[in-house]
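Please prepare a briefing on the structure shown below. It should cover the ligand shell, the nonpolar cores, selected helices and selected loop residues.

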Amino acid sequence: MTNETNLVALVTGANRGIGLETARQLGAKGVTVVMAGRSEASIHDAARALSAEGHKVVPVVLDVTDDAQVEAVRARIEADYGRLDILINNAGVITGETFMENSAATITKDALRTTFEVNLFAPVAIAQAFLPLLKAAPAARVVNLTSILGSLTLHADPQSPIYGSKSLAYNASKAALNMATVHLAALLQDTPIKVNAAHPGWVKTDMGSEAAPMEILDGARTSVELALLGPDGPTGKYIHLGEELPW
Ligand SMILES: NC(=O)c1ccc[n+]([C@@H]2O[C@H](COP(=O)([O-])OP(=O)(O)OC[C@H]3O[C@@H](n4cnc5c(N)ncnc54)[C@H](OP(=O)(O)O)[C@@H]3O)[C@@H](O)[C@H]2O)c1
């Protein structure tokens with residue numbers, strides 16, 4: 001992908017955190033970014049800020065769990081651009097008062113359902129809804145924000161740095177999104193479309209907390225890299241800052 005100024009991207013959860021910074025960095029590359037957020041006021045504020053920085057951004061209201069809103073955004077992008085070059089499924093949640101509250105011993109079905117609604121069902125449904133528009137683009141890219149905490153290999157290894165971080169709802173939802181990423185990439189292997197899972201790193205956002213070692217600027221880099229992959233780039237991979245992670 002060389003001419004980034006012609007590209008159109010959709011970023012979910014773009015009103016704050018990694019999604020907002022991803023929109024900013026794509027905007028800085030000349031990409032037109034449709035910024036999606038579930039709060040109208042919040043997404044308009046975020047878009048106004050990026051627009052004032054000179055980026056081409058369009059705010060849309062999208063609760064990723066709301067099928068009617070997904071369809072409305074799809075119809076608008078079809079009408080305005082006729083294609084979608086980049087889909088970044090960025091919106092995500094951790095449920096529960098504390099991260100470790102959701103252990104295998106204490107997890108509730110409600111916590112699992114709520115987390116899976118946003119972290120798995122929504123990105124799968126959004127990719128399905130946008131598939132015709134992704135196919136209409138010359139070489140579309142789909143980036144699913146998962147997490148290193150979705151790695152079964154690392155969770156099974158007592159020596160791994162994430163071994164102690166066993167919050168079941170979040171981790172299982174991201175492992176499942178990893179699986180959805182591999183499946184969609186396989187379905188599209190004979191097309192120019194690339195589909196990858198991004199681990200942004202442990203990033204200083206509302207979700208990552210102040211304890212996180214990475215700044216938001218760096219936390220958006222993996223998403224942006226995968227969004228702008230060239231024709232020789234990977235597909236069906238699990239990536240953090242250019243390095244492959246074990247599933
Ligand atoms: N931060 C980290 O250390 C880290 C590490 C690994 C992976 N990740 C992943 O990276 C992604 C971004 O995380 P972040 O750190 O930027 O999190 P964040 O600061 O908590 O932001 C989460 C974003 O998701 C949006 N969102 C949540 N539920 C939504 C829904 N139903 N519909 C639409 N938007 C919704 C939020 O919108 P509202 O403002 O309306 O709530 C917000 O924009 C997530 O998928 C997360 O799991 C983050």
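The expected span of a helix is 1.5 Å times one less than its number of residues. Helices (H or I, at least four residues) and strands (E, at least two) are DSSP runs, numbered from the N terminus. By that rule helix α6 (residues 168–187), with 20 residues, reaches 28 Å from its first C-alpha to its last, close to the 28 Å expected at 1.5 Å a residue.

This is a predicted model, in which local features need pLDDT of at least 70, side-chain atom pairs count only at pLDDT 80 or more, and totals for chains, interfaces and linings use all residues. Residues are numbered from 1 along each chain as its sequence is written.

**Ligand shell**

- The ligand is surrounded by 30 residues, of which Gly13, Gly17, Gly92, Thr205 and Gly208 are the closest; a residue counts as near if its C-beta atom, placed from the backbone, lies within 6 Å.
- The shell divides into eleven nonpolar, 15 polar and four charged residues. Here Ala, Val, Leu, Ile, Met, Phe, Trp, Tyr, Cys and Pro count as nonpolar, Asp, Glu, Lys and Arg as charged, and the others, Gly among them, as polar.
- Helix α1 (residues 17–28) supplies the largest share of this shell, three residues.

**Nonpolar cores**

- A residue is buried if 20 or more other C-beta atoms lie within 10 Å of its own, exposed if 12 or fewer, and partly exposed in between, with C-beta atoms placed from the backbone. A nonpolar core is a set of buried Ala, Val, Leu, Ile, Met, Phe, Trp, Tyr and Cys residues joined through C-beta atoms within 7 Å.
- The largest nonpolar core has 60 residues, and Ala9, Met35, Ala36 and Leu84 touch the most other members. Its largest share, seven residues, comes from helix α4 (residues 109–136).
- A second, separate core has six residues, including Ile94, Ile148, Leu149 and Tyr170.
- Two residues are in contact if their C-beta atoms, placed from the backbone, lie within 7 Å. Not counting residues up to four places away in sequence, Met35 touches Val11, Ala14, Ala23, Ile43, Ala46, Ala47, Val57, Val58 and Pro59.

**Helix α2**

- The 13 residues of helix α2 (residues 40–52) should span 18 Å at 1.5 Å a residue, and the end C-alpha atoms are 18 Å apart, which agrees.
- Ile43, Ala46, Ala47 and Leu50 are the buried residues of α2. Seen down the axis of α2, they fall within an arc of 95 degrees, so they line one face of the helix; the arc is that of the directions from the helix axis to the C-beta atoms.
- An α-helix has 3.6 residues a turn, so residues three or four places apart point the same way.
- The cover over the buried residues of α2 includes α1, β2 (32–37) and β3 (57–61). The face turned away from the buried side carries the exposed residues Ala41, Arg48 and Ala52.

**Helix α3**

- For helix α3 (residues 67–81), 15 residues at 1.5 Å a residue should span 21 Å, and the end C-alpha atoms are 21 Å apart, which agrees.
- The buried residues of α3 are Val70, Val73 and Ile77. Their arc around the axis is only 65 degrees, which puts them on the same side of α3.
- Ala68, Glu71, Ala75 and Ala79 are exposed on the other side of α3. What covers the buried residues includes β1 (8–11), β2, β3 and α4.
- Gly82 follows α3 and has a positive phi, near 75 degrees.

**Helix α6**

- Among the buried residues of α6 are Tyr170, Asn171, Lys174, Leu177 and Leu184.
- Their cover includes α4, β5 (141–145), α5 (152–155), β6 and β7 (238–240).

**Loop residues**

- Pro200 lies in the loop between β6 (194–198) and α7 (216–219). Pro200 is buried, with 26 other C-beta atoms within 10 Å.
- Leaving out residues up to four places away in sequence, Pro200 touches Ile18, Leu145, Gly219, Thr222 and Ser223.
- Ala212 is also in the loop between β6 and α7, and is partly exposed, with 15 other C-beta atoms within 10 Å.
- Most residues other than glycine have a negative phi. Ser209, not a glycine, has a positive phi of about 75 degrees, and is exposed, with 11 other C-beta atoms within 10 Å.
- Leu241, in the loop between β7 and β8 (243–244), has a positive phi of about 45 degrees although it is not a glycine.
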